[in-house]
Amino acid sequence: MDGSNFNQIRPVFSIGQHDSDRDQPLDDLQYGQLLNAGVNFVTAPITNKHFHARVKDLVSQHLAKAKQNAVSLADAVVPPLTPKDTSLFPSHAVTTYIAYASPWIDLASTDPVIASVSRQVLNLEIAYANFCGVRSIIVPGPRRDASRNGGNQGIAQYARAVLEAMNIASRLNFIVHVPMYREPGLEETVELLSTLSEEPHPEGSKEIDIYSAWDSWHSVRTICEYNMRLFVAIRVPRALPEKALQDKWFAEPLHFLSVSGNAFQKNKAGHPALPRAHQDMIFNYMRLKNAPWLLLSDVGPDPASLTAEAQRQAVSLANQVPTAADFPALGDSSAQLSTDSLKSFRAYVVYLKWLEMQQRPLSYLEQTTLTSFQDWLQSPLQPLSDNLESATYEVFEGDPVKYNQYEAACTEALAEWHQLGRATSSANGAVVIAVVGSGRGPLVTRALKASEATGVPVQVWAVEKNPNAYVYLLRQNEMIWGGKVTVVKTDMRSWKGPLVSGTPDDNPVYGKVDILVSELLGSFADNELSPECLDGVQHVLAPGGISIPESYTAHMSPIATPRIYADLLTRVPTEPNAFDTPWVVRLFALDFAAVRVPDHPRFQQAWEFSHPVPEATLRQIETRRAGGVMGGGGGSMGGAVGANDHNSRFCHLTFVCRTRGVIHGLAGYFESVLYAPQTGGKEKVEISTHPELIDRKSKDMISWFPIFFPIKQPIYYPADTELEVTMWRQTDDSRVWYEWLIEAHAWVSETQRIKVASSDLCSSRKVACLM
């Protein structure tokens, strides 16, 4: 291996082994052999064949009596477990097992006897596994999905049984084992109890609906109310489905990728290998903070081979004299078969270990910041009402991309200042730059660098309301900037401008600013009140002066985020406004519901703000504040004079969804033009969090995570649905908040569509941003 790759970090594969024919847990020696082979965990059945036979006899006798008497009998009652029914007992090793519920029960049976007995068996197994110390249990999923011939009833029965089991074992994690889609041959092969029933069995459709298995899982987790202890394990098919379905599963609480021998191919050397598409899918899933574990299913080895290998090693280690048993006759092939079984299994493990090293290494930012912040909800900052801590500023300053773009914008503006014939507001011809909301001063440093690079003299003013950051700025000016900067402690909206002569208390004369530089943008561009702040300080800007940034736009797209929705549900008891809060979050385990079609992109612009605002708007603001004009829009709705009405916004957007799915809210992003050069045909200097444009405009920028607007109830929608999103930016002159509504419409003919679902009108007014 190349020494330069030695310290590179990649996601780690946790590899497990599952044998669907095994009816009792491995003993310590067998388990040790699997651990030596490179396996991290194994599955263990809770009950055995003896219990299976007892239950089958019980069901057969009950059904026979019911048929003979032609009357309803009392429900069949499964008797308690006996030592003959299980080989699972409390031990130190049992806490490392992943328990596997009996695959022969049919929780989704349309026969009430079968369904009842299956539910009893599951509850017995769950309770006993919980007693033994097992921490997680896999429950085989339903073998048929929702359909007209009993599938809907079956899925509801199945989900209700899982919910009941979760209440019985309140500390166990439950993992529902389902196929990625209903590929033939991907199911459990053991016969279900339903085969004992004479009730007609629903026949599956000959056509494969690749979304039906996901549908079933969605129904189960919905009925289980998105419980944080409920996970899904997906069986990886031989032929992978379309990327849209893979993305749906990516967003789910995925615990295992179950890979059987059918998914592998033989390479040129005859060793097992996964096709390239499978490798790419696994690599993608492994970037999740809680990456799924890989479960090798039914690829060996059998328990006998594990025992034989353990005995062989024991002989070797003890240096004992070999016996005749160690040299079987040529006709006795069992020992050779056992060795081959273990060797074959090791080939799969070795391949997965090799595949682990083929992943793209985690970047420095992924290791230190981005992975840990995946899907972690943060309340938006309120910089106007709160004084930020130094550590918060330090996080912002750790992004060189943003500040490089700001420096480039300042450089372009200064470079063409005189070429455009712009006057300056200083007596000595220097361009006056004010960094408003300067924090700890990173933009001040970049403005000075731009001046040095262009040779254009500047006067720099740093305006900051945070008294603690003000102290730091004074120190920076003394230690770093050489006294070139004038530091002012005030709210930018109260600043009167650069002091030209006199003192603040004795005949002060204030000048104007040529360039206003600010970093007030939030995850949705305007959600940290950049428009209100820049309106308030615009009075110091000279005629013809410029603002950096000069404009910014908000963008959004509907998404599915089951993990975040489940997180929000747990917060509601202590945070009643959890679903009314726009959250800042590094969205990762998500599925974008919309597709790009003509006139309806996947990400759409909500609105735009530009600076400086027209003088007529400023005059209107002052008139309203003086009581000369009654406001309209958001201002009048709030009962205020409407001085901030010009910053209220409204949008109505339509998104097209090709496949059926579910959405939990809206993902918000922004783009900003920092400066648009007017000479030389140069490109605009921009920053962006727009997923489709960030790499072109500000690659690797991490200063802003997306914003998430949740809805209280998820919206399930059919294929070919149009999602209509309506959003308002509201204000009452002292606060700013958002309101949002999502409606799903399905076309029933070429000219008619109907509404199939709608969210409540959500509002962040109770957690509004204070002006």
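# Reading the calls in a predicted model

Modeller: Let's start with Ser260, whose place is in strand 7 (residues 254-260); strands here are DSSP runs of E with at least two residues, helices are runs of H or I with at least four, and both are numbered from the N terminus. This is a predicted model, where local features need pLDDT of at least 70, side-chain atom pairs count only at pLDDT 80 or more, and totals for chains, interfaces and linings use all residues. Residues are numbered from 1 along each chain as its sequence is written, and side-chain values use heavy atoms, with hydrogens and water left out.

Biologist: Why is Ser260 counted as buried?

Modeller: Its relative accessibility is 18%. Buried means under 20% relative accessible area, exposed means over 50%, and partly exposed is in between (1.4 Å probe, protein chains only). Ser260 is therefore buried. Beyond its neighbours within four places in sequence, Ser260 is in contact with Ser297 and Val299, where contact means heavy atoms within 4.5 Å.

Biologist: What makes Gly16 count as buried?

Modeller: Gly16 has 0% relative accessibility, so it counts as buried. Gly16 is found in strand 1 (residues 15-18). Leaving aside neighbours within four places in sequence, Gly16 contacts Val39, Phe41, Leu294, Leu295 and Leu296.

Biologist: And over the chain, what percentage of the 771 residues do buried residues make up?

Modeller: Buried residues make up 54% of them. The chain has 19 helices and 30 strands, and its C-alpha atoms fill a box of roughly 105 × 70 × 45 Å along the principal axes. Of the contacts between residues at least 6 apart in sequence, 79% join residues at least 24 apart.

Biologist: How do you know that the buried residues of helix 1 line one face?

Modeller: Helix 1 (residues 28-36) has Gln30, Tyr31, Gln33 and Leu34 buried. Seen down the axis of helix 1, these residues fall within an arc of 155°, so they line one face of the helix. The arc is that of the directions from the helix axis to the C-beta atoms. The face turned away from the buried side of helix 1 carries the exposed residues Asp28, Leu29 and Asn36.

Biologist: What makes helix 12 and helix 13 oblique to each other?

Modeller: Helix 12 (residues 400-415) and helix 13 (residues 442-454) pack at an angle of about 40°, with their axes 8 Å apart. That angle makes the pair oblique, so the two helices are described by the remaining class.

Biologist: Last topic, the backbone. What is noted about the phi of Asp298?

Modeller: Phi of Asp298 is near 55°, a positive value in a residue other than glycine. Most residues other than glycine have a negative phi, and most peptide bonds are trans. Asp298 lies in the loop between strand 10 (293-297) and helix 8 (303-318).

Biologist: Why is Asp298 called partly exposed?

Modeller: Asp298 has a relative accessible area of 44%, so it is partly exposed. Tyr226 also has phi near 55°, but at 8% relative accessibility Tyr226 counts as buried.

Biologist: Which bond joins Ile548 and Pro549?

Modeller: A cis peptide bond, with omega about 10°. Another cis peptide bond joins His611 and Pro612, with omega about 0°.

Terms used
Axes fitted to C-alpha atoms, helices over the stretch in contact; angles between N-to-C directions. Parallel < 35°, antiparallel > 145°, perpendicular 65-115°, else oblique.
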